[in-house]
Each structure stands twice: as structure tokens, then as C-alpha cells.
Amino acid sequence: MKKTLLPLLLAALMLAHGTAGAWGFFGHRTITQVAVYELPASMQAFYYRHMAELVRLSTAPDERRNTDPTEAPKHFIDIDHYSEDNPFGRMPRQYDKAAEKFSADTLQKYGTVPWVILETKNKLTEAFKQRDTINIVKYSAELSHYMGDAFVPLHTTINYDGQLTDQKGLHSLWESQLPERFINDYKLVGEPAKYVKDPLAAVWGVIQESYGFVGETFDRASKIEKVMKPDVRFTFSHRYGKTSRRYSDAFADEYEKAVGGMVNFRLKGAPTMISSLWLTAWQDGGRPNLNELMHQGKPTKEEKEKLTNELAAWKRNSLSQDQMLLAQQKEKKVEVADEIKAAKESGATRKAAAADDDDDDAPAPVIDKLKVKSKGPAGTEKIKQKSDAPN
Ligand SMILES: [Zn+2]
């Protein structure tokens with residue numbers, strides 16, 4: 001498909017953008033859980049006490065997309081809309097300057113994730129200042145969500161689902177199907193949290209790095225497409241009178257060999273950044289004593305032991321094998337009846353929406369022509385070599 005087709009397809013694209021999720025629920029929940037393990041002791045007991053809530057609320061922004069029309073653009077930025085050659089050179093980092101240059105409407109259309117992350121971080125800082133436990137949990141979870149989204153390469157491009165290059169379905173293949181299928185092979189141990197001096201610059205750094213992976217995300221799928229026939233490549237399902245297509249497990253297995261290292265790299269990088277932003281908000285919020293905010297008292301002996309076991313399993317990369325990954329468990333840990341009800345309702349809404357269009361969790365295809373030079377930090381090169389290996 002020619003690049004010249006891109007503008008023609010933009011309108012259709014904009015309409016569809018809301019349907020592509022990020023990381024899937026599995027990825028967001030896993031990222032949030034691991035982020036808690038990377039916190040310093042001064043914060044960890046509090047976050048661990050609220051682990052189940054944090055993990056569950058980390059998908060709330062995606063659940064809202066069904067009911068809140070302003071929600072969708074908060075999860076991505078189609079940076080290549082602004083320039084294919086040098087988008088990061090053209091885009092001012094500050095929202096006000098960006099809006100002045102491109103108009104607020106345009107930013108709204110092509111996504112606002114970097115600024116939403118900052119806004120959420122500031123809300124979290126304020127919650128720490130107020131010693132507001134409910135909002136600390138709420139905004140920590142939401143910060144985890146939006147920051148997690150920024151780690152997904154397909155959240156930085158107008159060809160976010162491969163729809164412009166006949167690779168529709170690549171989005172959920174990359175961020176849902178692969179992590180769910182290969183979690184046992186992925187390493188989840190990242191760096192401990194540290195204070196982020198310039199959060200906006202750090203967030204833009206993550207987005208730029210994500211964008212650096214876009215070219216490979218499509219190219220490697222194209223390579224497999226050349227040797228795998230369409231009837232093997234896709235699984236078709238029919239429901240509500242509509243036929244939908246997703247990438248097959250056979251394709252996922254080949255794609256994992258090609259990009260699994262990259263998916264793992266992003267899945268592992270996100271918790272480090274998220275716990276670092278939590279730490280930053282806490283420090284900026286005056287470093288309140290979080291143990292005093294634990295209403296049911298200090299951590300119990302049982303709680304401490306449980307955390308120690310989980311940390312050990314995380315360090316040896318066996319959280320999933322040891323059945324300790326919350327994303328793989330039923331929501332049995334939700335204590336409050338209202339919360340259970342809310343979770344059920346949001347589940348129902350999601351189902352209805354999925355039936356409406358592509359399932360958020362169903363895999364999506366890839367892009368080919370929007371090649372991007374990778375200029376990411378050292379990790380970018382590392383991961384490339386890693387994902388080159390299986391070839
Ligand atoms: Zn999202």
C-alpha cells in the first residue's frame with residue numbers, strides 16, 4: 001500500500017481509533033502489580049495493602065471509553081501525523097505550546113497521552129498532599145494505565161492497528177495476544193523506582209522510544225506474511241451477523257519469535273517508569289508517612305510474608321507459574337460489595353462494546369510502510385539484537 005493512501009484513510013481511522021485498547025487488561029494489570037514490587041520500602045507496604053484495587057482500577061480508563069466520549073484520545077498520540085520524518089522535532093513538549101502550534105482540536109484528534117500522564121501525575125501529587133487515600137489509589141492506578149499505554153509502539157502512530165497496510169489486528173496481537181500467550185517466557189524484573197526530575201521530558205522520551213519500534217512492529221509481521229498463507233495467518237469468527245478476523249496462534253507463535261523481545265522490553269520497562277512516577281508524586285507531595293494512612297493498621301506478619309514470597313517469585317520470574325499474577329486470577333480479592341457490582345457492570349459494558357465492534361482483546365494486524373529509524377536509548381539497540389536472535 002502506498003504512503004499516498006494514508007491521508008485518504010485518515011477519516012475512517014479517526015472514527016475507529018476508540019476501539020483499540022492498550023496492553024489489554026492482562027498487560028495493564030501485570031504492569032501495575034510489578035510496579036508495586038519496584039517501590040522503596042517506605043511506600044511499598046501501603047501500595048501492597050491496596051494491590052488488588054490498584055490492579056483492578058488500572059483498567060478503569062479503558063472501561064470508561066465506552067461511556068465517556070472524551071476518554072479515547074487520552075490513550076495515544078499519533079505522532080507521525082505531525083511529520084513522518086521528524087515528528088519529535090516539530091512537536092513542542094509543553095501542551096500550551098503544542099496547542100498554539102497545531103490547535104487544541106488537532107491535539108485532541110491525534111491523541112494527548114503525554115499531557116494526560118502529566119495531569120494524572122499532578123493529581124496524584126495533590127492526593128499525597130491531601131493525605132487522601134482513595135485518590136492516591138485511584139490516581140496511582142490511572143497513572144499506571146496511561147503511562148503503560150505510552151510504552152506501546154502502536155499507540156504512537158496513525159496506523160495504530162495496521163489498518164493502513166492491510167495488517168488490521170496487529171494492535172491486539174502485539175499487546176494482548178503475545179503477552180497472554182508468552183508471559184511465562186517474559187522477564188518482569190526491571191529497575192527500582194527513582195525520582196524523576198523532569199517528568200514531561202521522561203514521558204516524551206518513552207514515547208519517542210515507542211515510536212522507534214513502530215517500523216519493526218510492521219516489518220517483522222510483513223516478513224511472516226510473505227511465507228504464511230492468509231488461511232493459516234488468521235482465525236475467523238462469526239457473531240452477531242458479523243465476521244471478524246484475528247491473527248491465528250500459528251501467526252502469534254512466529255511473531256513472538258520476531259518481536260517477543262520487544263514486547264517483553266516494553267512490558268518490563270513500564271513498571272519501572274510507573275513506580276518512579278508514583279515515587280516522584282509522593283516526594284513532590286511532601287513525602288507523607290504512608291504507614292499512617294493505612295487505616296487497618298500496620299502490615300501484619302502474614303502480609304509481610306506474602307509480600308516476601310511474591311517478591312522472591314518476581315525476582316526468579318515465576319509469578320505466573322506460581323499462580324501469583326493477579327491478572328490471571330478472578331477478582332476474588334475485591335472486598336467491597338459495591339466494587340464487585342461495579343466490576344461486573346463494567347464487564348458487561350465491555351462485552352456489549354466488543355460485540356459492537358472489534359473485541360478489545362482480540363488481536364489486530366500490522367503496518368509496513370511507516371518505517372521509522374530507531375533512535376531510542378541504549379535499550380532500543382539491546383532489544384533489537386535480542387529480537388533479532390530468533391531470526
Ligand atoms: Zn488505554
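I started with helix H10: 14 of its 18 residues are buried, so the rest of the structure largely encloses it. For me, buried means 20 or more other C-beta atoms within 10 Å of a residue's own, exposed means 12 or fewer, and partly exposed is in between, with C-beta atoms placed from the backbone. Helices here are DSSP runs of H or I of at least four residues, strands are E runs of at least two, and both are numbered from the N terminus.

Notes on the source: this is a predicted model, where local features need pLDDT of at least 70, side-chain atom pairs count only at pLDDT 80 or more, and totals for chains, interfaces and linings use all residues. Residues are numbered from 1 along each chain as its sequence is written.

**Whole chain.** I count 18 helices and 2 strands in the protein chain. Buried residues make up 44% of its 391 residues.

**The strands.** I found S1 (residues 234-239) and S2 (residues 242-247) paired in the antiparallel sense over 6 bridges; pairing takes at least two DSSP bridges. Thr235 stands opposite Arg246 in S2. The hairpin has 2 residues between the strands, and Tyr240 takes a positive phi near 50 degrees there.

**H13 against H15.** I looked at how H13 (residues 214-227) packs on H15 (residues 249-284): the angle is about 150 degrees and the axes are 10 Å apart. That makes H13 roughly antiparallel to H15, a label for angles over 145 degrees. Axes are lines fitted to C-alpha atoms over the stretch in contact, and angles run from 0 to 180 degrees between N-to-C directions. The contact includes Arg220 and Ile224 of H13, and Tyr255 and Met262 of H15. Contact means C-beta atoms, placed from the backbone, within 7 Å.

**Gln108.** I found Gln108 in helix H8 (residues 104-110). Gln108 is partly exposed, with 14 other C-beta atoms within 10 Å. Its C-alpha atom is separated by 8.3 Å from that of Lys74, 34 residues apart along the chain.

Definitions and conventions. Parallel < 35°, antiparallel > 145°, perpendicular 65-115°, else oblique. Contact = placed C-beta atoms within 7 Å.
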